[in-house]
Amino acid sequence: MNNNKALEFIKELEKHRNEQDIVKMKRFFKSSDPETLCMGLNMRTVFQIAKEFIDMPYLRLRRY
């Protein structure tokens with residue numbers, strides 16, 4: 001597995017980014033780690049996309 005798979009996963013998540021939900025969700029993550037990125041995705045969407053990338057090792061994604 002190469003790093004391209006992790007980048008594809010992140011790009012796919014970004015396609016579903018919801019700016020209105022980002023504003024709502026940021027209220028819940030006020031004191032979170034500054035490196036934490038809120039994309040405004042609901043869990044259903046995240047899991048649907050993740051199923052397509054199920055064979056990707058966790059460590060590959062963690063780097064991004």
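Both F9 and F53 are buried in this predicted model, where buried means under 20% relative accessible area, exposed means over 50%, and partly exposed covers what lies in between, all with a 1.4 Å probe and counting protein chains only. A search of the whole structure finds one aromatic pair, and F9 and F53 form it in an edge-to-face arrangement, with 5.2 Å from centre to centre and 65° between the planes. Rings of Phe, Tyr and Trp (its six-membered ring) are paired if their centres lie within 6.5 Å, and planes under 30 degrees apart count as stacked, over 60 as edge-to-face and the rest as tilted. Because F9 lies in helix 1 and F53 in the loop between helix 3 (43-52) and helix 4 (58-62), the pair ties together parts that are 44 residues apart in sequence.

The model is predicted, so local features need pLDDT of at least 70 and side-chain atom pairs count only at pLDDT 80 or more, while totals for chains, interfaces and linings use all residues. Residues are numbered from 1 along each chain as its sequence is written, and side-chain values use heavy atoms, with hydrogens and water left out.

Read along the sequence, the chain follows the pattern α-α-α-α, with four helices and zero strands; helices (H or I, at least four residues) and strands (E, at least two) are DSSP runs, numbered from the N terminus. The mean pLDDT of the chain, which is the predictor's confidence in each residue on a scale from 0 to 100, is 81, and 81% of the residues reach 70 or more. Confidence is highest in helix 3, at a mean of 93, and lowest in helix 4, at 59.

Of the 64 residues in the chain, 22% are buried. The largest nonpolar core has eight residues, namely A6, F9, L13, M39, L41, I49, F53 and M56, and helix 1 gives the most to this core, with three residues. Such a core is a set of buried Ala, Val, Leu, Ile, Met, Phe, Trp, Tyr and Cys residues joined through side-chain atoms within 4.5 Å. In soluble globular proteins, nonpolar side chains tend to be buried together.

F53 counts as buried because its relative accessibility is 9%, and L41, in the loop between helix 2 (19-26) and helix 3, is buried with a relative accessible area of 13%. Leaving aside neighbours within four places in sequence, F53 is in contact (heavy atoms within 4.5 Å) with K5, E8, F9 and E12, whereas L41 touches L13, H16, R17, M25 and V46. The table gives one C-alpha separation for each of them.

| Residue pair | Apart along the chain | C-alpha separation |
|---|---|---|
| F53 and K5 | 48 residues | 7.8 Å |
| L41 and M25 | 16 residues | 9.2 Å |

E12, one of the contacts of F53, has its place in helix 1 (residues 3-15). Leaving aside neighbours within four places in sequence, E12 is in contact with I49 as well as F53. A polar contact of 3.2 Å joins the side chains of E12 and K15; the term covers a pair of N or O atoms within 3.5 Å, where, within protein, one must be able to donate a hydrogen and the other to accept it, and residues adjacent in sequence count only if both atoms are side-chain atoms.
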